[in-house]
Amino acid sequence: MLPPSQFQPSHLINTVFIAGVTQEAIYNILNKNDFSEDLTPEVLFSYPESKESITGSILEFVFSNGISVEYQNQPPKFNAIVLTNETGFRSYIYILKLYEEICYNNKSVFVPYSLCIWSPLNHSVSFKQILIEMYRVMRSYELSISDETL
């Protein structure tokens, strides 16, 4: 029989990352005025692991329907995916998909990005709440920055 430590994960979270589209890619599409083009998702931020550890196939799961510019804001969406490696070990990616408004030449479009937590633990409800709180903190930080610049 294996010791209990081999059954229990040694940490709560593997990686926290934000996936989406770079500003450069967004402005290229806005300049071309071609909103039908699908955008390629990238890791915009990750902690503690490097961005390179999150492969393109994981980003395909995070944005399973691809990334496209929307003309109206969309409600936030939460989902979770289960990854299984070659030894049968499962890990989970919890995703909160949000939309950011981009104003350009008197046009407003909405571009999706995702706050993600990659964990060895299957606790959807808890991680959903953590992601919601992360989003609230991000929004309040953005507001405090804009207030300081006035």
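Two strands are taken as paired if DSSP finds at least two bridges between them, and helices (H or I, at least four residues) and strands (E, at least two) are DSSP runs numbered from the N terminus. The model is predicted, with local features needing pLDDT of at least 70 and side-chain atom pairs counting only at pLDDT 80 or more, while totals for chains, interfaces and linings use all residues. Residues are numbered from 1 along each chain as its sequence is written, and side-chain values use heavy atoms, hydrogens and water being left out.

Strand β1 (residues 15-20) pairs in the antiparallel sense with strand β5 (residues 107-119) over five bridges, and V16 has I117 of β5 as its bridge partner. With strand β2 (residues 42-47), β1 likewise pairs in the antiparallel sense over five bridges, F17 standing opposite S46 of β2. Six of the six residues of β1 are buried (under 20% relative accessible area with a 1.4 Å probe and protein chains only, exposed being over 50% and partly exposed in between). In a regular strand the side chains alternate between the two faces of the sheet. In β1, T15, F17 and A19 point one way and V16, I18 and G20 the other, all of them buried.

Under the criterion of a side-chain nitrogen of Lys or Arg within 4 Å of a carboxyl oxygen of Asp or Glu, the count comes to one salt bridge. This contact joins the side chains of R136 and E133, at 2.6 Å from N to O. Because R136 and E133 lie three residues apart in helix α3 (residues 124-149), about one helical turn separates them. E133 counts as partly exposed, its relative accessibility being 38%.
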